[in-house]
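Trainee: I am new to this structure and would like to know what lies behind the labels. Please show it first.

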Amino acid sequence: MVTPENLSSEISGRTDPQYERDPAVTPVDMDTAILLLGAGVTAITHPLLYVKLLIQAGHEPLAPTVGTTMFGRKVLYLPGFFSYARYIIRVDGKRGLFRGLSPRIMSSAISTMVRSKVKQAIPQEQVEHVSNRDDLKTSLMKVVRETSNEMVIQCLSRIATHPFHVISVRCMAQFVGSEVKYKGLFSCVSRIFKEEGIEGFFVGLVPHLLGEVIFLWCCNLLAHFINTYAVDDNFSQAPAVRSYTKFVMGIAVSVLTYPFMLVADLMAVNNCGLMAGLPPNSPIFKSWVHCWSHLSQQGNLFRGSSFFFRRVPMTTMVLEE
């Protein structure tokens, strides 16, 4: 999936040819710019992901409010992003919105470097991009090869950055119990290694990898088939439509693969000593499959997927006039 952590790397892949067109721009300058861009995007979007993580963990400190559906029925709505963010500011101050940011910036930087190194290691002739109409109709194998390369890059990047994802998630989840167990990057690394060993840095990795691999293949193949068979070459705007197909498919597929991301985040805090991952706030899961099954039974596989118009989970509570 395209996240703030790998957004800079996506840009990197598109700007590599610039080295040949502009000799004044060196690879080092470009990598530095990409790292700074990635850090900026990560910092700007962090409050959104922070609130999302707390919602995923099932932490609802604010009472629901009465709202009305488009059909005039009164229901209970949970607070949206802005209400939740204001609550965090009241408790932790404005800096509280950026709890867990430093591990995410580190993750973004490592992801960019790993992707850059892996792309350099892949023979250039294997990185063929489908770009014209003839290719769209005859190069399914090219799409498969390109997607396979992207999958290798994405998996290696995820494995390299997942420990920092675990640290960031736990730092943010401390808000639930007002805890200070995880504070400082090196302190977090030492604590996790001491209490859980190497495995502690990779909890939740499997669902994260599965979600990203499924997203990548579905997005690329769907975009290829739609561009090949659904977009008519005689249509004057066909090139423009094709250029946006993959983006639209990415939005649609990300909705379907969201449960994998939710399970991965919950497993990162499961039974780690924080209130967010212990009863009564959360059951102790034996595996990510157990977590998925529990969420499915509760109807919460898409918890946290929306910031607005969030109804009370499980059964919708309809109020009488």
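Trainee: Why does Arg-99 count as partly exposed?

Mentor: Buried means under 20% relative accessible area, exposed over 50%, and partly exposed in between, with a 1.4 Å probe and protein chains only. Arg-99 has 21% relative accessibility, so Arg-99 counts as partly exposed. Before going on, note that this is a predicted model, where local features need pLDDT of at least 70, side-chain atom pairs count only at pLDDT 80 or more, and totals for chains, interfaces and linings use all residues. Residues are numbered from 1 along each chain as its sequence is written, and side-chain values use heavy atoms, with hydrogens and water left out.

Trainee: What makes the contact of Arg-99 and Asp-92 a salt bridge?

Mentor: A salt bridge is a side-chain nitrogen of Lys or Arg within 4 Å of a carboxyl oxygen of Asp or Glu. For Arg-99 and Asp-92 the N to O distance is 2.4 Å, so the pair meets the definition. Asp-92 has a relative accessible area of 32% and is therefore partly exposed.

Trainee: How many salt bridges does the structure hold?

Mentor: The structure holds six. One of them pairs Glu-60 with Arg-310, with the closest N and O atoms 2.8 Å apart.

Trainee: Why is that pair said to tie together separate parts of the sequence?

Mentor: Glu-60 lies in the loop between helix 3 (27-56) and strand 1 (65-68), and Arg-310 lies in strand 3 (residues 310-311), so the joined parts are 250 residues apart in sequence. Helices (H or I, at least four residues) and strands (E, at least two) are DSSP runs, numbered from the N terminus.

Trainee: Is Arg-310 buried or exposed?

Mentor: Arg-310 has 9% relative accessibility, so Arg-310 counts as buried. Glu-60, with a relative accessible area of 28%, is partly exposed.

Trainee: What is the N to O distance in the salt bridge of Arg-170 and Glu-196?

Mentor: The distance is 2.6 Å. Arg-170 is in helix 7 (residues 140-173) and Glu-196 in helix 8 (residues 185-196), 26 residues apart, and the pair links distant parts of the chain. Arg-170 counts as buried because its relative accessibility is 1%, while Glu-196, at 27%, counts as partly exposed.

Trainee: Which residues do salt bridges with shared partners join into one network?

Mentor: Lys-181, Arg-191 and Glu-195.

Trainee: Why is Thr-112 called buried?

Mentor: Thr-112 has a relative accessible area of 6%, so Thr-112 is buried. This residue lies in helix 5 (residues 101-121).
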